[in-house]
Structure formats: C-alpha cells, structure tokens
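Here is a set of questions and answers for someone meeting this structure for the first time. Please look through the sequence and the model before reading on.

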Amino acid sequence: MKRYMTMMDSMTDKELDSSNPKVFSESRIMRIARGSGRFVREVMEMLEEYKRIAKTMKGIKIPKNGDMSKVIPPQMLKQIGGMGGLQSLMKQMGSAKDMMGMFGGRDK
C-alpha cells in the first residue's frame with residue numbers, strides 16, 4: 001500500500017482523477033516511476049491493479065455513513081486486516097467521497 005501511495009504522490013491531479021487509461025502515456029508512466037523511485041514495471045502493475053479494482057467496484061454504492069463492512073466481501077475484509085485494517089486504509093486514502101475519484105466517480 002505504501003508503495004502505491006508513493007507512486008500516486010508522483011501523479012498529477014489529472015492522472016489521479018481520470019478513469020481513462022489513455023491518460024497514461026509511456027512518458028507519463030516513466031515520469032511517475034522516476035518521481036516515486038520505482039521501476040516502470042511497478043507503475044504498470046499498479047495501473048493494472050487499479051483497472052481490476054475499478055472493474056470490481058463498478059456499480060458498488062458507498063454508504064453515506066461510510067460503513068464499508070456491508071459492501072466489501074468478507075474474504076477481502078479479512079485480507080486487509082478486518083475492520084481495523086479497513087479503517088486504517090480509509091484514513092490513508094481520505095474520505096469515501098474522495099475515494100470515488102479513484103474508481104471513475106468524478107472525471108474532470
């Protein structure tokens with residue numbers, strides 16, 4: 001997770017807010033890798049993971065009260081360390097509203 005956060009810190013707002021994979025040209029991917037101190041392969045893996053998560057999250061409504069425990073499959077919840085891990089993850093990523101941008105909820 002920290003590795004992904006470092007790579008995301010090297011991305012522009014346009015890149016972070018976009019659900020369009022065409023935004024990520026070869027030169028942008030190289031810039032993200034250099035800026036985060038990671039290999040291009042790692043940036044590509046992060047983008048593939050993003051696509052996989054976005055596909056999984058498509059159509060899932062995030063509850064207004066922020067209780068994600070009813071939305072996330074039990075196995076996934078267990079993998080991230082239960083409710084404590086989920087709360088920690090949500091704090092790291094910001095509010096549920098901000099998270100929607102990661103899954104194509106607010107394109108600019």
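A residue is called exposed when its relative accessible area is over 50%, and buried when that area is under 20%. The model discussed here is a predicted one.

Q: Which pattern does the chain follow when read along the sequence?
A: The chain holds seven helices and zero strands. Of its 108 residues, 29% count as buried. Read along the sequence, the pattern is α-α-α-α-α-α-α.

Q: Which exposed residues does α3 carry on the face turned away from its buried side?
A: Helix α3 spans residues 26-36, and within this helix Ile 29, Ile 32, Ala 33 and Ser 36 are buried. Seen down the axis of α3, these buried residues fall within an arc of 100°, so they line one face of the helix. The face turned away from that buried side carries the exposed residues Ser 27, Arg 34 and Gly 35.

Q: Are α3 and α4 roughly parallel or roughly perpendicular to each other?
A: The two helices α3 and α4 pack with their axes 8 Å apart and at an angle of about 110°, and their crossing is right-handed. Angles of 65 to 115 degrees count as roughly perpendicular. The arrangement of α3 and α4 is therefore roughly perpendicular.

Q: How many nonpolar residues are there in the contact of α3 with α4?
A: From α3, the residues Ile 29, Met 30, Ile 32 and Ala 33 meet Val 40, Val 43, Met 44 and Leu 47 of α4. In this contact of α3 with α4, no residue is polar and none is charged, while the number of nonpolar residues is eight.

Q: How many charged residues are there in the contact of α1 with α4?
A: Helices α1 and α4 pack at an angle of about 100°, with their axes 11 Å apart. In this contact Arg 3, Tyr 4, Met 7 and Met 8 of α1 meet Glu 42, Val 43, Glu 45, Met 46 and Glu 49 of α4. The residues divide into five that are nonpolar, none that are polar, and a number of charged residues that is four.

Methods: Residues are numbered from 1 along each chain as its sequence is written. This is a predicted model: local features need pLDDT of at least 70, side-chain atom pairs count only at pLDDT 80 or more; totals for chains, interfaces and linings use all residues. Side-chain values use heavy atoms; hydrogens and water are left out. Buried means under 20% relative accessible area, exposed over 50%, partly exposed in between (1.4 Å probe, protein chains only). Helices (H or I, at least four residues) and strands (E, at least two) are DSSP runs, numbered from the N terminus. The arc is that of the directions from the helix axis to the C-beta atoms. Axes are lines fitted to C-alpha atoms, for helices over the stretch in contact, and angles run from 0 to 180 degrees between N-to-C directions. Angles under 35 degrees count as roughly parallel, over 145 as roughly antiparallel, 65 to 115 as roughly perpendicular and the rest as oblique. A crossing is left-handed if the near helix is turned anticlockwise from the far one by less than a right angle, and right-handed if clockwise. Contact means heavy atoms within 4.5 Å. Ala, Val, Leu, Ile, Met, Phe, Trp, Tyr, Cys and Pro count as nonpolar, Asp, Glu, Lys and Arg as charged, and the others, Gly among them, as polar.
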